[in-house]
Amino acid sequence: MPYSLKGRRVLITGGSRGLGAAIAHAFASEGANLAINYASNETAALNLTNELSSKYNVKTIILKGDVGKTADCEALVNSTIKAFGGIDIVIGNAGWTRFSDFSDLHAMSDDEWDKCWNVNVKGQLALLRAAMPTFNENREGGVFLITSSIAGSSIGGSSMAYSVTKAAQLHLMKCMAKTQGPKVRINAVLPGLLLTEWGLEYGDERIKALQGAAALKKEVDMTDCANVFVMLAKNTSITGQRVQIDSGLNIANMTFPPKYAYPPPLSLPSPRTQPATDLTHQFKKLLTPNKIGQILCLGNLTSPSVYTFLRSLAPDLQLVKGDFDIPLTLAPPPPQSQPYEAPNAASSFSQSSYPIPTALSKVVTHGSLRIGFTHGHTIIPPGDPDSLLIAARQMDVDVLCWGGTSRFEAYELEGKFFVNPGSATGAASWTGDDLEFDPEEEEGEGKNGTRNREEFSGIDGDTGEQKGLCPSFVLMDVQGDVLVLYVYQLRKDAEGKEAVAVEKVSFRKGGSG
């Protein structure tokens with residue numbers, strides 16, 4: 001049954017202004033008593049609590065404290081318990097960042113990184129630690145809600161430190177929800193652009209760009225966002241979940257403002273290497289037009305020339321949306337500020353010649369096999385076998401191809417075949433998932449539904465050669481219920497000479513390959 005908020009004792013950190021104040025209004029309107037935490041603006045906190053008390057006839061107090069300090073977090077919880085005789089709900093709304101150049105590794109100092117970590121991650125842990133004894137004693141347990149951000153689930157936001165710590169915050173939320181139940185429900189809300197005092201610091205140009213990039217063409221309504229917290233507090237069947245409310249900004253694939261809409265230098269080559277946005281010349285020589293029936297492209301087409309080349313190989317080019325497809329509505333950035341592979345004079349960013357895919361996943365059928373494909377950013381955690389298995393079941397496919405990393409993988413799991421072709425351009429991933437794979441960590445028996453994983457990483461386990469990124473692509477030959485996978489990898493020998501190596505992997509539906 002629904003969890004009534006009337007008479008509940010609620011602590012809201014960072015609650016005196018902006019979204020925190022909106023959340024306070026939403027809970028007060030339900031009859032909850034509120035402890036409003038503030039860091040420095042006592043006047044704003046007092047004005048808010050006076051308004052809440054008179055408008056909704058609820059009890060309110062204000063509490064000063066720095067959520068980046070464990071002692072202050074403990075004091076906030078204990079003061080709430082002392083004032084109200086207990087605590088039922090904690091809303092970790094306080095956060096910290098500083099607007100900085102996302103691509104500059106030195107834009108924020110070590111102290112600023114530490115402050116981001118302490119407020120955005122450790123503060124949440126300290127609050128729950130302090131509240132759990134009371135939650136466990138409460139007949140109906142407790143509720144712990146976190147204000148996170150879409151910056152935690154994508155590459156973007158006000159700073160790299162903010163994005164990284166918000167991602168860590170989301171994982172902490174899931175860990176706490178799994179381990180601390182059943183007496184506490186823990187969830188996170190991920191807002192998009194909110195026009196708070198903080199959000200307005202983006203500036204008019206960037207705000208308009210973000211509004212225009214959202215599917216609903218607007219920022220997030222503050223009241224709508226606050227009501228999500230109320231919904232999560234009342235719902236007794238949701239825990240360990242993140243609820244995204246961003247006006248469709250994330251699905252519209254533009255969490256960066258225009259300045260950062262193109263791939264950062266991570267994917268760009270040194271002057272002596274092949275451009276990371278184009279296929280290697282060794283691979284191009286192997287691919288002959290009209291010999292391939294269909295091409296499945298797993299997203300992140302960042303070069304019109306690659307699109308044109310793929311179209312020349314096969315009349316049927318199937319695309320899914322990546323997390324860095326070039327937006328059509330943006331002009332190419334100045335070469336001096338964001339170097340990238342410029343299209344030639346004949347190329348165009350028009351929708352007719354360079355369509356940006358909108359489907360996050362697709363399914364095609366060859367022989368008796370249903371083959372699904374998607375970009376890796378839709379799989380959470382990225383590349384996780386169990387998450388991939390869930391996706392394959394939801395898509396009702398025998399084979400699931402996913403991307404998002406530059407490391408080839410192929411393995412069977414519970415009767416399904418999973419393939420990551422890697423990167424044909426050799427570009428690094430945006431997620432950091434290009435780490436070397438340790439087969440001992442994933443080894444299984446392959447019996448009774450357990451994992452049987454066979455991988456070809458492009459690294460020779462005996463000699464230790466071919467470390468780092470290994471450009472690769474795969475060809476699939478389907479005959480009835482059998483799929484034969486030909487893996488092409490551009491490897492280096494001990495002397496650094498490059499050569500294309502080919503390996504073969506087989507999969508049979510309903511049996512061993």
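Predicted model: local features only at pLDDT ≥ 70, side-chain atom pairs only at ≥ 80, totals over all residues.
Reader: Is the pair of W402 and Y411 stacked or edge-to-face, and why?

Author: The angle between the ring planes decides the matter, and planes over 60 degrees apart count as edge-to-face. The planes of W402 and Y411 stand at 70°, with the ring centres 6.3 Å apart, so this pair is edge-to-face.

Reader: Are W402 and Y411 buried or exposed?

Author: A residue under 20% relative accessible area is called buried. W402 has a relative accessible area of 1% and is therefore buried. Y411 is buried as well, because its relative accessibility is 1%.

Reader: Which residues do ring pairs link into a cluster?

Author: The cluster consists of W402, Y411 and F418.

Reader: Which residues lie over the face of Y3?

Author: One is R8, at 3.8 Å from the ring centre. Another is R185, at 5.1 Å from the ring centre of Y3.

Reader: Let us turn to helices. At what angle do the axes of α3 and α4 cross?

Author: A helix can be represented by an axis, a line fitted to its C-alpha atoms. The axes of helix α3 (residues 70-84) and helix α4 (residues 110-137) cross at roughly 35° and come within 8 Å. Their crossing is right-handed.

Reader: Which residues of α3 and α4 meet there?

Author: On the α3 side they are T70, C73, E74, V77 and I81, and on the α4 side G123, A126, L127, A130, A131 and T134. Sorted by class, the contact has seven nonpolar, three polar and one charged residues.

Reader: Where does K122 lie, and is it buried or partly exposed?

Author: K122 is part of helix α4. Its relative accessibility is 41%, so K122 counts as partly exposed. The C-alpha atoms of K122 and G68 are separated by 7.2 Å, although these residues are 54 residues apart along the chain.

Methods
Residues numbered from 1 in each chain as written. Heavy atoms only, no water. Phe/Tyr/Trp six-rings, centres within 6.5 Å; stacked < 30°, edge-to-face > 60°. Buried < 20%, exposed > 50% of the residue type's maximum accessible area, 1.4 Å probe, protein only. Lys NZ or Arg CZ within 6 Å of the ring centre and 35° of its normal. Axes fitted to C-alpha atoms, helices over the stretch in contact; angles between N-to-C directions. Helix = DSSP H or I, 4+ residues; strand = E, 2+ residues; numbered from the N terminus. Left-handed = near helix turned anticlockwise from the far one by under 90°. Contact = heavy atoms within 4.5 Å. Nonpolar A, V, L, I, M, F, W, Y, C, P; charged D, E, K, R; others polar.
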